[in-house]
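Subject: Structure handover

Hello,

Here is the structure I promised to pass on. Please open it first, then read my notes below.

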Amino acid sequence: MELKAQTEAAPAPAVKSEKKAAKKKAAAGRLSGIICLAVVFGLFYYLGQAMGTANMLNTMMHTAHDLLINTVFYLMGICVLTGALGRIFMEFGVVKLLEHILRPLMKPLFNLPGVASLGAVMTFLSDNPAIISLASDKRFSSYFKKFQFISLTNFGTAFGMGLLVIVFMVGQGYFWQPVIGFIGAFCGCIVSTRIMQHFVIRNYPKFATEDAVETHHHDKPEEEEKTEKTLFIRILNSLLDGGRSGVDVGLAIIPGVLIISTFVMIMTFGPSATGEYTGAAYEGVALLPWLAGKVNFIFEWLFGFGDPHLIAFPITALGAVGAALGLVPNFIAQGWVDGNAIAVFTAIGMCWSGYLSTHTAMLDSLGYRDLTPKAILAHTIGGIVAAVTAHLLFILVEFLAASF
């Protein structure tokens, strides 16, 4: 009886393994918490020691407030206007016209069917996730093989918020330089899309021939809403609906601009003109320029950056292009920016456009989350190509202008 009782009391092997796994998970959770606290306290200790705790906190608050008033609302205004313009283009067939013009370029350049050009136009007028709303439509996705369908994440991202970026740069007083940047982003998109397709086929060879969806709807006519509206009502609805979507985009970029840009600026700028910290906006410890200065010859050779501070733009664009744009007015005020920098900023801002923060969600919605690292690697290469292309084109244009 004693032996039986001991046997019954002994936990089963499965229970033991579950308890061991739970203990490991709890230990890992505690370790990650300790690491997080160490990083956060280490960061604030470094900033507080250099700037003074009171000055550090005041600088953060003042910088975030100034970004909100003078940058975010400016960007939101652009978003509202470009959103209204984009909706007007959609309502009166300009998008379809552009799609028809661009269709012949899709196969030879991007190895995508012609309808993919609609995705390029939509993301250019709005943001990266616009390509996902299109991809969820079976009439659209039925034109694609699986490897092409998956590469839409890279393809659409390279044009995301393109109109906003270009209009913003024009608003800063630069006109032809953003055009060069757009061409650079276009080249970067080709590289990123092609590399992603190569990765997909290498990992999943069958995707080269499998259709993205099983049922085809090529011949299914689109159902159009046949409500009669006057020209005035169509224009009014388009402007207001587009402007409302612009407000949504403007609100969505607030966290990125305030959080990311504030810390990037603290890491980019130095103390006040007197060399002391006063707690004013846009003071910092100048860590990024110091680090970039150690390898600035690389950025100067690749991108033509004449000042190490400029590396803050592509770093910020990795997470949010809106936050990266928030850096530009201060860079211009400091005299660090020239035409080449604007061309490179436009190219890398468009091509990357916050892909680190969107690629995971976009591929997850398409159902291919495991390919996220491949997509990020391909797009990193594409963004660098975009920036280098814009730099070389700028040099070529400057040379031709000086020659003639």
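Which residues of the largest nonpolar core touch the most other members? They are Phe144, Leu152, Phe155, Phe313, Phe331 and Phe345. The core holds 98 residues. Helix H19 (residues 339-352) gives the largest share, ten residues. Bear in mind that this is a predicted model.

Take Phe155 as an example. Leaving out residues up to four places away in sequence, Phe155 touches Met106, Phe110, Leu112, Ala116, Ala120, Cys189 and Thr193.

Next, the cysteines. A search of the whole structure turned up zero disulfides. Cys189, one of the contacts of Phe155, is buried, because its relative accessibility is 0%. The closest cysteine sulfur to that of Cys189 belongs to Cys351. The distance is 6.6 Å, too far for a bond; a disulfide needs the sulfur atoms within 2.5 Å. Cys36 has 46% relative accessibility, so Cys36 counts as partly exposed.

Then there is helix H12 (residues 231-252). With 22 residues at 1.5 Å a residue, H12 should span 32 Å. Its end C-alpha atoms are 32 Å apart, which agrees.

Which residues of H12 are buried? Ser238, Gly242, Gly243, Gly246 and Gly250 are. Viewed down the axis of H12, they fall within an arc of 120 degrees, so they line one face of the helix. An α-helix has 3.6 residues a turn, so residues three or four places apart point the same way. The buried residues of H12 pack against helix H3 (53-91) and helix H13 (254-268). On the other side of H12, Asp248 and Ala252 are exposed.

Best wishes

Key. Residues are numbered from 1 along each chain as its sequence is written. This is a predicted model: local features need pLDDT of at least 70, side-chain atom pairs count only at pLDDT 80 or more; totals for chains, interfaces and linings use all residues. Side-chain values use heavy atoms; hydrogens and water are left out. A nonpolar core is a set of buried Ala, Val, Leu, Ile, Met, Phe, Trp, Tyr and Cys residues joined through side-chain atoms within 4.5 Å. Buried means under 20% relative accessible area, exposed over 50%, partly exposed in between (1.4 Å probe, protein chains only). Helices (H or I, at least four residues) and strands (E, at least two) are DSSP runs, numbered from the N terminus. Contact means heavy atoms within 4.5 Å. The expected span of a helix is 1.5 Å times one less than its number of residues. The arc is that of the directions from the helix axis to the C-beta atoms.
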